[in-house]
Amino acid sequence: MEDSLIRWDMIVVGSGCTGAMAAQTLVERGFKVLMIDGGLKDEIYQSLLPDKDFLTARQTDKQQHRYFLGDKFEGIPFGHVKAGEHLTPPRKFMTQLTQQKIPLQSSTFSPIESLAYGGLGNGWGLGCCVFSEAELKACGLPVAEMNEAYEVVGKRIGVSGAKDDAANYTAARLDSLQPSIGLDSVGKNLLDNYQQKKTTLNRKGFYMGRPSLALITEAVDDRKPYPYKDFDFYSDKDKSAYRPWITVDKLKTQANFAYDSGWVVESFEETPDSVIVHARKISDASKQPFMCKKLVLGSGVLGTARIVLRSANALSPKLPLLSNPFSYLACSQPFLLGKDLDPYKIGFAQLSMFLDEDGTNSYVPMGSVYSYRAMLLFHLLKESPLDVKTAHLFLQFMMPSFTIMGLFHPESYSAEKYVQLEKDNTTFSGDKLKVNYVPTAKEDELVKRNEKLFGQALRSLNCFVLRNIAPGHGASIHYGGTLPFSDTNEPFHLLPDGRLCGSKNVYVADGSGFTFLPGKGLTLSLMANAHLVAKQIRLD
Amino acid sequence: MMSEEELRQEMRQYIRYITGRKSTEHALQLFVRANEQPSFLLNQEEENQLRKILPHPILIPLIDCATGLFLPNHFLRKRMTLAFAIIETDTAYVDLFMPRPFRIYGFAQLAFRGTTAVFKAIIGRVVLWKIA
Ligand SMILES: Cc1cc2nc3c(=O)[nH]c(=O)nc-3n(C[C@H](O)[C@H](O)[C@H](O)COP(=O)(O)OP(=O)(O)OC[C@H]3O[C@@H](n4cnc5c(N)ncnc54)[C@H](O)[C@@H]3O)c2cc1C
């Protein structure tokens, strides 16, 4: 193929956290980059969200039902708690059209996927952790390079946090760390209790502190410091929270970058010196090929599995799957019962609690502590086994004391966790991804044990678990491991530099290569890896 | 299909029951609009049951307790949750959804309500069985 016919050095698929980071590195390195993406945006709610704080909006905004409940009342949850159910109407666009355009079938796994501009990063909770040396090795990631990459990514996205007891487990050691956001009473009370009990808790391996968040507390360019408006689950007007579209919006101003949305990439085909990317228009299903020298997939772990399996025309192989087991502990701190609400509440995680029983920082479940207000009481009504009237009274009393812990457990491979592509002529792409996710009895036991230990630790801090809610497999929204890193060039694996084994010019920048998922939030590591992959790609 | 007037009557009863206050036009309209959404459409059998209940507002607390305690997936629980959500986002009722100060009286009220709810739930269960 004539070199001049190939307009793009690189095509990056996906504008999520990994696609955005990979693209930025490639653009900074001077390559001509095209990003192809689903690119769906919220066209309804952003303009409705008031520039007021939560309480003022609650008291004065007659249109609030639109963003709290949704124009189709899609914000009111019914049935079993599932992944993504807690997404507010202004965030629901993130998952729009996924079932139609990138179908997935499973009776054991309900993940969230995205075809949005910014991907799942539109709703991520911003929790950032730097993996320990042991964890990086277990993930198949290079330690020294990743540590450098964390610094680069930290600077790009802006991370706040504190160098406290949890600093070994969060991202507090980043050079560019900004000061933590404030605490509301839920976080403050729990942290005060921890300070008194910490000797005993540390002896058991528990460490608590402020989480590192991709949330700025000091202005950077056009991004404003966190405004304490408690609309964290609804709006990003101030851009204090890092969303991947912030990066892509900036890249769009560069001459060597172009963005093309409204596509579902189906497969790729390699010629000796180029890659042809086959995509289908979301709006009318028309097909179009795109040509480049190198292809970088950042389409999310499940999205990338589809594209790779389809391109290999391999419908039968089972690819392994990792997804952190996840549950919520709904708790109350009785000392806060009946207290006035703080003038501000914070939607993002207030505290992080880690359990490092053997002190090696290699198997560390993580609990993220949240207070509850901005999601309103009706979300809790469904979870309460009381009549509406009693539940209403009960929830009003409890509201200031509600403490929610989201608990993430480390995840390793086991035989009954895999994905497969299966033909289905009724779907947009003529196939669907089938997922089987059945942990072993030992894995289930370990999760139960962790839940019990966290419950006990919370109890020692006068925070009592009212209910343990299991939203089902896939609900952690942390996925990885489908194309494990390997240096043996086996099919359906990635080489250490992110190149797809057996291919010459196809790279994977998302979490598909990770061979282990630590309990700590993985997205900072996904972004660091994406940067590393993009940094190593050479044009021959 | 339930008529608009029937839906307004239903919502009026929920508002009175949950808040003890008069209905706002805003809340009534939203409830009607929600019922146009496919996820809230009732089947014929559910409509028939609802029509038997509507003339008797006294049944609402009983049915609320029965569905809350025994039948969390019952269609009437779903309708009351919808009503609750609409009420919660109406500025006229916002004060009713703010935290309550800690008072012994409040706890006594809660304990009393919880206890009577069990009895109401048993009666409500029988009512639901009768109208089914
Ligand atoms: C509510 C919520 C809270 C979270 N909280 C945290 C947290 O606190 N900490 C943490 O570490 N992680 C968190 N996560 C997880 C985090 O969001 C993900 O790990 C991360 O966003 C994954 O990024 P990605 O780029 O790999 O994939 P995605 O975000 O899925 O991006 C995929 C991109 O590819 C595009 N795409 C997909 N398929 C195709 C295709 N076939 N053709 C064209 N384009 C395609 C999509 O449009 C999208 O832009 C959270 C997620 C959610 C939803």
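What percentage of the contacts in chain A between residues at least 6 apart in sequence join residues at least 24 apart? I found 73%, where a contact means heavy atoms within 4.5 Å.

**Entry: conventions.** I worked on a predicted model, in which local features need pLDDT of at least 70, side-chain atom pairs count only at pLDDT 80 or more, and totals for chains, interfaces and linings use all residues. Residues are numbered from 1 along each chain as its sequence is written, chains are lettered from A and ligands numbered from 1 in the order in which they are written, and side-chain values use heavy atoms, with hydrogens and water left out.

**Entry: chain A as a whole.** I recorded 13 helices and 23 strands in chain A; helices (H or I, at least four residues) and strands (E, at least two) are DSSP runs, numbered from the N terminus. The radius of gyration of chain A is 23 Å, which agrees with the value near 24 Å that a compact globule of 540 residues would have. That radius is taken over C-alpha atoms, and the globule rule is 2.2 Å times the number of residues to the power 0.38. Along the principal axes, the C-alpha atoms of chain A fill a box of roughly 75 × 55 × 45 Å. Of the 540 residues in chain A, 63% are buried; buried means under 20% relative accessible area, exposed over 50%, and partly exposed in between (1.4 Å probe, protein chains only). I noted an accessible surface of about 19,700 Å² for chain A, with 53% of it belonging to carbon and sulfur atoms. Such areas come from the Shrake-Rupley method with a 1.4 Å probe, and for residues only the protein chains shown count as cover.

**Entry: chain B as a whole.** Chain B has 6 helices and 0 strands, and its pattern along the sequence reads α-α-α-α-α-α. The radius of gyration of chain B is 15 Å, close to the 14 Å that the globule rule gives for 132 residues, so chain B is as compact as a globular protein of that length. The C-alpha box of chain B, taken along the principal axes, is roughly 45 × 35 × 25 Å. I listed 52% of the 132 residues in chain B as buried. The accessible surface of chain B comes to about 6,500 Å², and carbon and sulfur atoms hold 61% of that area. In chain B, 73% of the contacts between residues at least 6 apart in sequence join residues at least 24 apart.

**Entry: the ligand.** I looked up the 36 residues around the ligand; Asp37(A), Leu120(A), Gly125(A), Val265(A) and Thr523(A) come nearest. A residue is near a molecule if one of its heavy atoms lies within 4 Å of it. The shell divides into 15 nonpolar, 19 polar and 2 charged residues. Here Ala, Val, Leu, Ile, Met, Phe, Trp, Tyr, Cys and Pro count as nonpolar, Asp, Glu, Lys and Arg as charged, and the others, Gly among them, as polar.

A backbone N or O atom of Leu522(A) lies 3.1 Å from an oxygen atom of the ligand, and one of Gly38(A) lies 3.3 Å from a nitrogen atom of the ligand. The protein covers 93% of the 1,000 Å² of accessible area that the ligand has on its own. Helix H1 (17-28), strand S10 (263-271) and helix H13 (523-536) of chain A are the elements that give two or more residues to the shell. The largest share, 3 residues, comes from S10(A).

**Entry: Thr271(A).** I placed Thr271(A) in strand S10 of chain A. Its relative accessibility is 19%, so Thr271(A) counts as buried. The side chain of Thr271(A) makes a polar contact with the side chain of Ser274(A) at 2.5 Å. A polar contact is a pair of N or O atoms within 3.5 Å; within protein, one must be able to donate a hydrogen and the other to accept it, and residues adjacent in sequence count only if both atoms are side-chain atoms.

**Entry: Thr247(A).** Thr247(A) lies in helix H8 (residues 244-251) of chain A and counts as buried because its relative accessibility is 7%. Not counting residues up to four places away in sequence, Thr247(A) touches Ala20(A), Met21(A), Gln24(A) and Tyr242(A).

**Entry: positive phi.** Most residues other than glycine have a negative phi. I noted a positive phi of about 50° at Asp221(A), in the loop between strand S8 (212-213) and H8 of chain A. Asp221(A) is exposed, with a relative accessible area of 65%. Ala285(A) has a positive phi of about 65° and lies in the loop between strand S11 (274-281) and strand S12 (287-297) of chain A. With a relative accessible area of 28%, Ala285(A) is partly exposed.
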